[in-house]
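Please keep the model in view while reading.

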Amino acid sequence: LGGMSQKLAKTALAIYLVDPTKYIEFHNALMDAREPSEAFIKNTVKMLNLDYIKVQEAMNDPKINKELESVANIARDLNIRGTPAFIIGDSLIQGGIDSDAMLELVVKARQEKGTEEKK
């Protein structure tokens, strides 16, 4: 991950540490952002009614670096080189796919494992 991606990931995890109920709101705002920036982070933290200084302090929590290192190790082991990436059944899908294609892959994986829900 590049510099801004790392900062955004740290910010999201810091928000979770400060107020777990605000994490999903930050995540959703991030997914809707065209070009996330430092200004985006500050504005979004303010919009969530969080203390920006507390969020910045939480970004230095060792738990955050440990979590990001763990995720990076998993991605490296699986040869995942970017986002999004999905593991469905035994398949690794790198890059975005639409919901119909994803559903088709899930149904196929369930059928292969014999776990397709009975209707």
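How many bridges join strand β1 to strand β2, and which way do the strands run? The model is predicted. In it, β1 (residues 85–88) and β2 (residues 91–94) run antiparallel and are joined by 4 bridges.

## The hairpin

Ile88 has Ser91 of β2 as its bridge partner. The hairpin of β1 and β2 has 2 residues between the strands, and Gly89 takes a positive phi near 65° there.

## Helix α3

Helix α3 spans residues 38–47, and its buried residues are Phe40, Ile41, Thr44 and Val45. These four lie on the same side of α3, because they cover an arc of only 125° around the axis. An α-helix has 3.6 residues a turn, so residues three or four places apart point the same way. The other side of α3 carries the exposed residues Asn43, Lys46 and Met47.

What do the buried residues of α3 pack against? Their partners are α1 (3–18), α2 (23–32) and α4 (52–58). For Val45, the contacts beyond its neighbours within four places in sequence are Ile15, Leu50, Asp51, Tyr52 and Val55. Just after α3, Asn49 takes a positive phi of about 60°.

## Aromatic pairs

A pair of aromatic rings is described by the distance of the centres and the angle of the planes. The count here comes to 2 aromatic pairs. One of them is Tyr16 with Tyr23, an edge-to-face pair at 6.0 Å centre to centre with 90° between the planes. Tyr16 is partly exposed, with a relative accessible area of 44%. Tyr23 also counts as partly exposed, at 30% relative accessibility.

Phe26 and Phe40 form a tilted pair, 6.0 Å centre to centre and 45° between the planes. This pair links distant parts of the chain, since Phe26 is in helix α2 and Phe40 is in helix α3, 14 residues apart. Are Phe26 and Phe40 buried or exposed? Both are buried.

## The nonpolar core

The largest nonpolar core has 19 residues. Ile15, Phe26, Phe40 and Val45 have the most contacts inside it. Two or more residues of this core come from each of α1, α2, α3, α4 and α5 (62–77). Which element gives the most to this core? That element is α1, with 5 residues.

Notes:
Residues numbered from 1 in each chain as written. Predicted model: local features only at pLDDT ≥ 70, side-chain atom pairs only at ≥ 80, totals over all residues. Heavy atoms only, no water. Pairing = 2+ DSSP bridges. Buried < 20%, exposed > 50% of the residue type's maximum accessible area, 1.4 Å probe, protein only. Arc of directions from axis to C-beta. Contact = heavy atoms within 4.5 Å. Phe/Tyr/Trp six-rings, centres within 6.5 Å; stacked < 30°, edge-to-face > 60°. Core = buried A, V, L, I, M, F, W, Y, C linked by side-chain atoms within 4.5 Å.
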